[in-house]
Amino acid sequence: MSARQKVLVVDDEPDIRELLEITLGRMKLETFSARNLTEALSLLRRVNFDLCLTDMHLPDGTGLALVQHIQQRHPQLPVAMITAYGSLDTAINALKAGAFDFLTKPVDLTRLRELISATLLLPNPPTAINRRLLGDSAPMRTLRKHIAKLARSQAPVYISGESGSGKELVARLIHDQGLRAKQPFIAINCGAIPADLMESEFFGHRKGSFSGAIEDKPGLFQAAHGGTLLLDEVADLPLAMQVKLLRAIAEKSVRSVGGQQETVVDVRILCATHKDLDAEVAAGRFRQDLYYRLNVIELRVPPLRERRDDIEALASCMLKRLATTTAQPAARLHPQALAALKSYRFPGNVRELENMLERAHTLCENQLIEAGDLRLAEGNCTAEGGIPDLTQIDNLQTYLENVERQLLLQALEETRWNRTAAAQRLSVSFRSMRYRLKKLGLD
């Protein structure tokens with residue numbers, strides 16, 4: 001792998017540029033950043049790049065214009081588009097314009113690394129955590145058996161489990177092992193789509209049906225035709241959209257916004273949420289008739305604290321992958337660090353473990369991860385996974401800071417380290433977020 005391969009990153013959001021720069025830097029790639037189209041064109045005139053990553057919406061133009069420019073002036077330069085989550089039409093237009101692939105926001109770092117490795121002919125990382133189930137604990141053996149059985153069925157499946165436990169992974173495995181494996185697998189985060197765009201995203205729209213509809217656009221149901229549609233965080237759907245979704249599932253057809261004709265769609269519906277759907281129905285926030293349509297079969301994904309015997313194997317696989325993507329020797333876990341991981345509650349589950357090890361891998365000395373490198377919140381360290389014993393807390397200030405640190409880290413990890421989005425999730429101002437990060441040494 002050449003340490004001097006150059007990547008051009010074009011995005012007007014500082015958080016996204018910083019995230020990409022850090023990730024690419026760990027892969028020993030040289031990064032050049034541009035905030036807009038003008039800066040990107042200037043850099044292209046001066047530097048020979050090996051890869052370009054560009055956002056779709058730029059202050060002085062579009063990513064599509066940049067893709068078209070590169071196709072004309074630098075046809076050997078591969079370009080990947082970064083689009084808003086669920087912007088299927090944007091991704092399709094980017095591919096038509098000459099982009100070789102696309103990423104959605106928030107950027108999945110594992111997907112980013114795989115894309116870069118494949119494009120620049122770097123050593124491919126081992127199969128990512130989000131592509132296979134690791135662990136030989138009893139809960140995981142049971143889960144794999146259930147996935148194999150459900151893959152043979154076409155019934156709707158409700159996948160329940162906490163955030164970061166691997167619900168989308170389970171959905172992908174159900175699809176990959178089934179009869180629809182060669183057809184599309186489309187995953188949509190129902191909580192990430194603005195309410196006024198939701199119907200268009202799900203069912204598509206016709207040109208002129210509303211302001212900004214400049215051309216016909218297929219929806220996610222049409223895109224998933226013949227395959228599988230995962231409705232992630234389905235509990236976040238507004239009631240009005242739940243009615244329309246229920247009809248689409250019942251009738252097996254959809255009508256695009258502004259359209260006159262129904263379009264038959266053949267999709268298998270999987271849904272997932274970290275919320276308790278029974279409680280949402282009881283509270284009147286989720287329709288009971290839709291719940292019965294979706295919850296034909298329920299599959300629970302166990303949290304990491306219920307399968308502590310898998311932590312060592314998971315950590316080992318993650319550290320080997322990090323070593324490959326960063327071209328560094330594999331780090332080892334000190335026995336005390338492994339013991340600390342096994343006694344930690346992991347509110348963020350496997351996703352939290354992966355992000356925790358990535359930070360520790362960067363901070364550790366001599367490729368040995370000590371317990372202190374993990375930055376575990378003391379309040380969540382309990383072998384029984386229960387409420388911490390307050391009589392054992394010697395310093396209340398330290399304890400509260402650890403709790404605050406854990407909440408901040410969890411919000412950042414869930415938003416792919418987008419500080420603006422994390423601040424919104426925690427209902428604090430961006431200025432307050434920056435102050436707290438600096439105070440806790442996380443900035």
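In what order do the strands of the open sheet of 5 strands stand? The order is β2-β1-β3-β6-β7, and the pairing is parallel. The model shown in these views is predicted.

**View 1. The whole protein.** The predicted model contains 18 helices and 16 strands. Of the 443 residues in the protein, 50% are buried. The accessible surface is about 21100 Å², and carbon and sulfur atoms hold 49% of this surface.

View 2. Strand β1 (residues 6-10) pairs with β3 in the parallel sense over 4 bridges. Strands of a sheet pair through backbone hydrogen bonds, in either a parallel or an antiparallel manner. Helix α1 (residues 14-26) lies across β1, β2, β3 and β6 (79-83). The helix runs at about 170° to β2.

**View 3. T54 in strand β3.** T54 belongs to strand β3, which spans residues 51-55. Opposite T54 in β3 stands V10. Is T54 buried or exposed? T54 has a relative accessible area of 0%, so T54 is buried. Leaving out residues up to four places away in sequence, T54 touches V10, G63, L66, V79, A80, M81 and I82.

**View 4. The largest nonpolar core.** This core has 32 residues, and those with the most contacts inside it are F202, F221, L229 and L231. At least two core residues come from each of β9 (185-189), α8 (198-203), α9 (220-223), β10 (228-232), α10 (239-251), β13 (268-273), α11 (277-282) and α12 (288-294). Which element gives the largest share of this core? Helix α10 does, with 5 residues. Apart from neighbours within four places in sequence, L229 is in contact with I186, I188, L220, F221, A224, R268, I269 and L270.

View 5. A second, separate core has 24 residues, including L304, V350, A360 and C364. C364 has 11% relative accessibility, and because the cut-off for buried is under 20%, C364 counts as buried. C317, with a relative accessible area of 13%, is also buried. How many disulfides does the protein have? The count is 0 disulfides, taking a pair of cysteine sulfur atoms within 2.5 Å as the rule.

**View 6. I174 in helix α7.** I174 is found in helix α7, made up of residues 167-176. With a relative accessible area of 1%, I174 is buried. What does I174 touch, not counting residues up to four places away in sequence? The contacts of I174 are I147, L150, A151, I159, R268, L270 and L299. Two of these residues, R268 and L270, are also in contact with L229. I174 and V157 are 17 residues apart in sequence, and their C-alpha atoms are 9.6 Å apart in space.

Definitions and conventions
Residues numbered from 1 in each chain as written. Predicted model: local features only at pLDDT ≥ 70, side-chain atom pairs only at ≥ 80, totals over all residues. Heavy atoms only, no water. Core = buried A, V, L, I, M, F, W, Y, C linked by side-chain atoms within 4.5 Å. Buried < 20%, exposed > 50% of the residue type's maximum accessible area, 1.4 Å probe, protein only. Contact = heavy atoms within 4.5 Å. Areas by Shrake-Rupley, 256 points an atom, 1.4 Å probe, with all protein chains shown as cover. Pairing = 2+ DSSP bridges. Axes fitted to C-alpha atoms, helices over the stretch in contact; angles between N-to-C directions.
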